[in-house]
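Hello,

Here is the structure you asked about. Please have it open while you read the notes below.

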Amino acid sequence: MKNPVYALLISMKLRAKILVATIVVVSVFMGLSLYQSLVINKKTAMNQASEFSNHMLDNIYSAIRFPMSVGDEKTVKEQMKDVKEHMDGVQVYIADFDRNITYASEKERIDLSLEKCLQKDDSRNALVKALATGKTPGISFLETESKDPFLVTIKPILNESSCHHCHGASRNVLGAMVMKQPVKNLFATINYTRNRLFVYFAAALVGMVVFINFFFSKLVSRRINLLKEKTSLVAAGDVTVETVDDHQIRSGACPATSTRWSRTYATGWNMPTA
Ligand code: HEC
């Protein structure tokens, strides 16, 4: 069976072929770089959000560490209330080593299992691992809660000598802090940048295709078409056809302004007489 793409290529004119080839090549290369830009843009934005969460967790922990070490629960609860009131949509949880929530910005979730506030297995597993090892997971986790996207960051709370007085010295890890940062606005910004990149790339693509096509048509197709016209005239028996090669004239290679086809054909060939 005939390959339809091949058949189509054969039937296309030279200019159309060049146009299609230009579109394909330019789209492939620009598509790849567009894809790369989108990936890098999203990764950078998510890394920044994750870094922000880490900083916030460190700040909140250093603010509650002292009141905690003197058993001042009231101040810790006030801190959680502050998070709820002043940090739009941010959720902070402090849980014990059994993952039961002791303090939280979301009051109604106190005493629940922290795992209930995490939607995905990878963040739940990371929490279990952080409590067991005392090491921060090093990455944040993306999940959705009631259709809104959140970035989950986990920080284990380690036992220190100042804590032994009340918590004992048997455990290395006393609990964990978890922060859920809403990233809906961040996603909106990422999408906005993505759409703008799409428009820029589409405009650049059209510009390049038009330019390359114009360039080819000026340099190649027009000349070939001219040649085709003249040769068909010669083939039809007209031996007085004249052609001007402006490239040769411009480069000074041919001082004469025209070449007589008749000269070549009349002397070289035996033209059939009609
Ligand atoms: C004066 C006693 C006291 C000291 C010292 C103390 N805590 Fe606590 N801590 C408490 C009490 C009381 C609670 C609340 C327990 C509850 O309500 O279940 C608590 C709760 C916690 C929780 C929440 C999880 C849980 O076990 O309920 C963490 C985490 C925690 N403390 C960490 C620390 C750290 C870290 C230090 C040392 C820097 C420290 N604490 C020092 C008394 C103390």
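Five strands form an open sheet in the order β2-β1-β5-β4-β3, with antiparallel pairing. The edge positions belong to β2 (101-104) and β3 (141-145); each has a single partner strand, so one side of each has no neighbour in the sheet. On average, neighbouring strands are turned by 30° against each other, direction ignored. Keep in mind that this is a predicted model.

The pairing of β3 with β4 (residues 148-158) is antiparallel and runs over five bridges. One detail there: T144 has P149 in β4 as its bridge partner.

Two helices pack on the sheet. Helix α2 touches β1, β4 and β5, and its direction makes about 45° with that of β4. Helix α3 (residues 73-86) touches β1 and β2, at about 55° to the direction of β2.

Next, the ligand. It is surrounded by 17 residues, and the closest are G71, D96, C163, C166 and G175. Two or more residues of this shell come from each of α2 (14-69), β1 (91-96), α5 (161-167) and β5 (173-182). The largest share, five residues, is from α5. By type, the shell has seven nonpolar, seven polar and three charged residues.

M208 is part of helix α6 (residues 184-235).

On confidence, the mean pLDDT is 85, and 87% of the residues reach 70 or more. Residues 256-274 have pLDDT below 50. Where pLDDT is low, predicted coordinates should not be read in detail.

Regards

Notes
Residues numbered from 1 in each chain as written. Predicted model: local features only at pLDDT ≥ 70, side-chain atom pairs only at ≥ 80, totals over all residues. Near = placed C-beta within 6 Å. Helix = DSSP H or I, 4+ residues; strand = E, 2+ residues; numbered from the N terminus. Nonpolar A, V, L, I, M, F, W, Y, C, P; charged D, E, K, R; others polar. pLDDT = per-residue confidence, 0-100. Contact = placed C-beta atoms within 7 Å. Pairing = 2+ DSSP bridges. Axes fitted to C-alpha atoms, helices over the stretch in contact; angles between N-to-C directions.
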